[in-house]
Amino acid sequence: MTNAEGYAPFASPKAVLAAPLRRPTGLWRDAWRRLARNRAAVVSLVYIVVLVFVALFASAIAPYAFQAQDLEATDLGPSATHLFGTDNLGRDELSRLVYGSRISLAVALVDVLIVLAVGVPLGLAAGFFGRWVDTLVMRTVDVLLAFPSLLLVIVVITYLRAVLDQPEGPLLAVVGALDGATGGLLGVFIALGLVSWLTVARLVRGQVLSLKEKEFVEAARMVGATNRRIMTRHLLPNTLAPIIVAATFGIPGAIAAEAGLSFLGLGVRPPFPSWGILIAEGVRTMRAFPHELVFPASVLAITLICFNFLGDGLRDALDPRLKLD
Amino acid sequence: MTTYVLRRLLWVAPSLLIVFTLTFFVVHATPGSPWDESEKPLPEAVKQNLARQYHLDDPLYKQYADYLGNALRGDLGPSYRSVERSVSEIVTATLPVSVQLGLASILFALVIGIPLGALAAVKHNTWIDYVASLVTVIGIATPPFVRVSLLIVVLSLALGWLPTGGWEGIFDARAIIPTLAIGLGPAAIFARYTRSSLLEVHGQDFIRTARAKGLSELAIVVAHAMKNALIPVVTVAGVTLANVITGAFFVERIYGVPGIARQFVDSVSGRDYPLLLGIVLVFALLIMVVNLLVDLSYGFLDPRIRYR
């Protein structure tokens with residue numbers, strides 16, 4: 001098969017000899033097999049799937065409502081009735097963590113959507129059309145990437161917060177109302193959206209630059225394929241693997257950024273239980289009740305680590321050129 | 001070489017101007033001032049006086065030009081919040097603290113990260129490699145506010161070895177937790193890059209030659225492989241700086257370090273827009289200078305690189 005250079009090295013010579021008539025397998029099946037062999041990635045994937053279920057069925061799983069206070073049971077340690085204890089208003093920590101997973105996963109989802117809806121098309125266009133399109137997109141990317149993304153996000157969200165608090169005009173009023181209804185999540189999405197597409201746009205452009213000189217694109221052009229068709233049917237599928245890897249690596253960054261903004265009081269507003277808010281409250285009480293910090297901080301850390309392991313696993317499975325082992 | 005440096009230096013000014021212009025207009029488009037949220041609303045006349053004092057009633061282009069002219073002379077204007085100190089004074093008072101903390105963190109990251117990555121590469125696919133990879137992923141994945149708060153819980157509260165906060169200079173025990181919390185991020189980045197670039201040079205001819213000469217494995221790694229493997233590590237200096245600045249936002253605030261990153265966060269929550277603008281400019285200048293130094297350092301590390 002033509003893909004021998006890229007995808008064969010995992011098979012030992014013995015395995016190749018033992019199965020000389022094996023049906024040729026596609027990229028995705030091969031990738032899945034390689035991923036399934038990576039223990040860290042599989043464990044992480046299981047954790048993430050469980051987390052998604054927890055977020056979807058939060059109301060059934062959480063033993064209490066996230067905002068339910070019990071002023072006679074404040075700052076309790078872990079026990080049978082409150083597995084992770086309670087906070088200083090007697091709210092169940094576990095329930096707040098369970099509901100908080102919805103916020104983190106919503107951020108992950110929106111981050112991926114922005115990457116697909118903005119980063120991929122812009123990178124594709126910049127690489128394919130070149131010239132001023134390329135200059136415009138890539139200079140923007142360069143300028144925005146030159147700064148720590150959180151610095152930009154904080155400046156933008158400061159502006160958004162101030163504008164949306166006293167919205168002028170019907171459009172801003174709608175956005176402001178949505179932002180208020182989501183506890184400030186919409187503002188977080190907008191601010192993160194500004195920076196989350198950058199690396200993928202650069203990556204896709206780089207891929208397209210080399211792909212568009214290949215024979216199969218020339219062949220497609222010769223049989224009369226339009227630019228649009230070449231981009232969507234020929235170039236895009238060939239950049240899909242690195243896009244998936246980059247999007248996976250982008251998710252923990254976005255989740256951490258939301259938690260960080262909420263931690264600073266710029267993201268999601270209380271009483272919505274963003275993990276960042278739980279950690280901020282935990283920091284406030286850590287001297288007396290360290291468990292209120294340790295549980296949310298650990299859950300956030302484990303979640304981010306799992307997305308990173310999954311990203312590592314996907315990269316090794318999908319992108320043989322980046323593989324070193 | 002000289003023309004390259006000159007051209008790069010000439011680029012710093014317009015880049016800074018773009019950053020400044022964008023930030024200036026975003027900040028000025030931001031409605032509200034610190035006086036809005038005072039519990040007793042200020043009389044309209046007082047607000048107008050305050051606006052006049054801070055030149056907020058000038059046309060925007062004049063404010064822009066005045067600010068730019070003053071900034072070039074090192075005057076970043078008055079702070080909204082702090083009565084007795086101007087923005088420039090706040091910057092000069094707090095920047096050295098953050099620079100010390102940042103340099104200590106990077107030093108820690110180099111001392112821990114590069115040997116860790118080298119060890120993982122030499123012991124490739126053994127349990128040492130796996131443990132090193134786990135440490136690396138933890139360092140890359142965990143955000144700084146998680147790291148610093150867990151470090152406080154473990155080192156200060158549970159073990160009682162270190163103070164729970166404060167700042168008494170970089171050589172005080174209080175500097176240890178912030179340095180660790182910020183430095184673990186860059187350390188993980190260094191470890192990851194050192195490992196992969198060492199693995200990459202591993203099979204090259206000059207390594208085989210060194211081995212054929214009968215050099216010890218240690219000498220090969222330290223004297224021959226590392227020299228080449230470290231070039232890609234330098235390329236992540238920009239990422240490292242971003243990592244350190246972002247880390248400092250949280251660490252300085254949580255641990256009570258009086259640095260510029262904490263001022264930045266406080267200026268946001270206190271709506272002290274002149275301070276916010278001034279600090280963004282300082283960060284932009286810092287980042288550009290570091291990026292320039294990094295690009296220039298390639299020439300010393302790798303003589304094959306020519307500047308044009």
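Of the 325 residues of chain A, 45% count as buried, a residue being buried if 20 or more other C-beta atoms, placed from the backbone, lie within 10 Å of its own, exposed if 12 or fewer do, and partly exposed in between. This is a predicted model, in which local features need pLDDT of at least 70 and side-chain atom pairs count only at pLDDT 80 or more, while totals for chains, interfaces and linings use all residues. Residues are numbered from 1 along each chain as its sequence is written, and chains are lettered from A and ligands numbered from 1 in the order in which they are written.

Chain A has 15 helices and zero strands, where helices (H or I, at least four residues) and strands (E, at least two) are DSSP runs numbered from the N terminus. Two residues are taken to be in contact if their C-beta atoms, placed from the backbone, lie within 7 Å; among the contacts in chain A between residues at least 6 apart in sequence, 68% join residues at least 24 apart. The mean pLDDT of chain A, pLDDT being the predictor's confidence in each residue from 0 to 100, is 81, and 88% of the residues of this chain reach 70 or more.

Helix 11 of chain A can be followed in detail. The 14 residues of this helix (residues 198–211) should span 20 Å at 1.5 Å a residue, and the end C-alpha atoms are 20 Å apart, which agrees; the expected span is 1.5 Å times one less than the number of residues. Among the buried residues of helix 11 of chain A are Leu198(A), Val200(A), Arg202(A), Val204(A) and Val208(A), and what covers the buried residues includes helix 6 (93–129), helix 7 (131–145), helix 10 (185–196) and helix 13 (227–264) of chain A.

Helix 6 of chain A and helix 11 of chain A pack at an angle of about 35°, with their axes 7 Å apart; axes are lines fitted to C-alpha atoms, for helices over the stretch in contact, and angles run from 0 to 180 degrees between N-to-C directions. The contact includes Gly119(A), Gly123(A) and Gly127(A) of helix 6 of chain A, and Ala201(A), Arg205(A) and Leu209(A) of helix 11 of chain A. By class, this contact has 12 nonpolar, three polar and two charged residues, with Ala, Val, Leu, Ile, Met, Phe, Trp, Tyr, Cys and Pro counted as nonpolar, Asp, Glu, Lys and Arg as charged, and the others, Gly among them, as polar.

Chain B comes to 12 helices and zero strands, and the C-alpha trace of chain B spans about 85 × 55 × 30 Å along its principal axes. Buried residues make up 38% of the 308 residues in chain B. Within this chain, the axes of helix 11 of chain B and helix 12 of chain B come within 9 Å and cross at roughly 145°.

The contact between the chains takes 36 residues from chain B and 36 residues from chain A. Helix 6 of chain B gives the most to the side of chain B that touches chain A, with seven residues, and by class that side has 26 nonpolar, nine polar and one charged residues.
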